[in-house]
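Subject: Structure handover

Dear colleague,

I am passing on the structure we spoke about, and it is shown directly below. After it you will find an account of what was found.

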Amino acid sequence: MKKPFLVSKTVFFALFFVVFSGRPLLASDNESGEEPKKFDANEVILHHVVDDHQWHFTDHVVLPLPIIVYSSEKGLDAFSSSRFFDEHHNPVDYNGYKLDHNHILLADSGKAVFDLSITKNVAMLLINATLLFLILTAVAKSAKNRTGKAPKGLQSFIEPIIVFVRDEIVKPNIGHHYEKFLPYLLTLFFFILFGNLLGLLPGSGNLTGNIAVTLVLAVLTFIITNFSGNKNYWSHIFWTPGVPLVLRPIILPVEIIGIFTKPFSLTIRLFVAITAGHIVLLSLICLTFIFQSYVVGVGVSIAVMFINLIELLVAGIQAYVFTLFTALYIGMATADDHH
Amino acid sequence: MDLLSPGTGLIVWQLIIFVGLFFLLKAFAWKPILASLKEREESIQNALDSAEKAKIEMASLKSDNEKLLKEAREERDRMLKDAKDAANRLHDEAQVAARKNADRIIEDAKAVIHTEKQAALRDVKAQVAMFSLAISEKLIKKNLSEDKQQKELVDTFIKDLKLN
């Protein structure tokens, strides 16, 4: 009953402002007196979602990040990303390198270099890892100091999450030998959870919504799954029991493809879930600049607040799902024979 | 840096940092935390187990106590009964002995009385004989005076005799 009322009120205020405000608002972020560029929502959204060589908080607060490149021609080179821009923020070449759509190329030959720069996402990665290390070692310290006592403070916040991962995700899916895989799965869960949550902060990088990050996590899961796979696991793949003999050669390629679709689905799922959430948020915010209206801004802000709450939920769910599937795959690879 | 193509630099960094983070956390966080969690769970389980054991022990102790109490009560009852029986027996025995004693005393008394009686009778007979002799003597002495008086005299004597 409350929602239609809210909607009608928003519509009323929207009409009110459209009628009385007289002139459209200028939402352009260009203040240098040039002709205002046409607002391109697609570019803005993509720029926020993908990795970057500098940390762009606003147009005036830009944190230059170190560039580290290697090429067979010029060897290893390191410099600040601010070298790629002159005092008017116009792109320039530096030392024979050219920044083209966030790719670093050799200026003369246009050949791509091996780019090991501390990009925005690498910086996020370092922040995420440092934060995790500090928080979890603090918990470990408090766990050590308070042996035989009730948990307290940060410890009582983090410990239930650890117990949840252990008892609800790892134990039921892997079984009695779960302890060997617990450290990896806990690291995975906390890394994704913190990455997701940090990614929701304004101005932060989209770490867990980056396909390179999810790819590495999925590949690690793939390696652990297949290296811990026992005889049953491989016999299920190459000579599936319980299937008529004639069908077994047909099942074989399906099973082999199955080995690779698992990490692929892990990669895509996390990447899509987080990036899609960011794109939805940014699209809503971009509506303000497309309509150039305060009213839309207010309405969109309210909507964005609720989407943000959903994003918090998604952050937890995606960490859970990634860890759950990893545990499931490991459990399948290490299960005892029950045929 | 496109949306769908993974950047090589980020892959390298992610791999290095994540694997490094994994080993660091494994050594400095997960090991102590998981150990402490396990220890706490075990200590809680132990406390619960020992409470359950104490409960069972209490129950068995209580039943033991009750058994002991019951045995003691039975022992007491038995002892009381024994004592009562013994008392009764003693009482009866004493009574029988007393009666026997009394009977014997009575018998004795009777015998003595009988003997005494016989002796007395013998005495009486001797006395009577003596008296008779004396009477006869006096009669013989007085015989000569009066018949009537003699008779009266004899009567009196006899009367006296009977009275005795």
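For what follows, two residues are taken to be in contact if their C-beta atoms, placed from the backbone, lie within 7 Å. Please keep in mind throughout that this is a predicted model.

On that criterion, 41 residues of chain A are in contact with 31 residues of chain B. On the side of chain A that touches chain B, at least two residues each are supplied by α2 (41-49), β7 (114-115), α3 (120-145), α4 (154-174), α5 (182-199) and α6 (211-227) of chain A, and the largest share, 13 residues, comes from α3(A). Sorted by class, this side of chain A has 27 nonpolar, 10 polar and 4 charged residues.

Two helix pairs within chain A may interest you, and both involve elements from that list. The axes of α2(A) and helix α8 (residues 248-291) of chain A come within 9 Å and cross at roughly 140°, and the two helices are therefore oblique to each other; the crossing in which α2(A) passes α8(A) is right-handed. From α2(A), the residues A:A41, A:V44, A:I45, A:H48 and A:V49 take part, and they meet A:T275, A:H278, A:I279, A:L282, A:S283, A:C286 and A:I290 in α8(A). The residues of this contact comprise 8 nonpolar, 4 polar and no charged.

The second pair is α4(A) and α5(A), which pack at an angle of about 115° with their axes 10 Å apart, and whose crossing is again right-handed. Here A:I162, A:V165, A:R166, A:I169 and A:V170 of α4(A) make the contact with A:L182, A:L185, A:L186 and A:F189 of α5(A), and the residues divide into 8 nonpolar, no polar and 1 charged.

As for the division of the chain, chain A is split into domain 1 (52-115) and domain 2 (120-334), and the C-alpha centres of these two domains lie 32 Å apart.

Finally, there is an open sheet in chain A, formed by 3 strands in the order β4-β3-β7 with antiparallel pairing. Because β4 (75-80) and β7 of chain A stand at the edges, each with a single partner strand, one side of each is left without a neighbour in the sheet. Strand β3 (residues 66-71) of chain A is joined to β7(A) by 2 bridges, and A:V69 has A:D115 as its bridge partner in β7(A).

With best wishes

Conventions:
Residues are numbered from 1 along each chain as its sequence is written. Chains are lettered from A and ligands numbered from 1 in the order in which they are written. This is a predicted model: local features need pLDDT of at least 70, side-chain atom pairs count only at pLDDT 80 or more; totals for chains, interfaces and linings use all residues. Helices (H or I, at least four residues) and strands (E, at least two) are DSSP runs, numbered from the N terminus. Ala, Val, Leu, Ile, Met, Phe, Trp, Tyr, Cys and Pro count as nonpolar, Asp, Glu, Lys and Arg as charged, and the others, Gly among them, as polar. Axes are lines fitted to C-alpha atoms, for helices over the stretch in contact, and angles run from 0 to 180 degrees between N-to-C directions. Angles under 35 degrees count as roughly parallel, over 145 as roughly antiparallel, 65 to 115 as roughly perpendicular and the rest as oblique. A crossing is left-handed if the near helix is turned anticlockwise from the far one by less than a right angle, and right-handed if clockwise. Domain bounds come from an automatic or database domain assignment. Two strands pair if DSSP finds at least two bridges between them.
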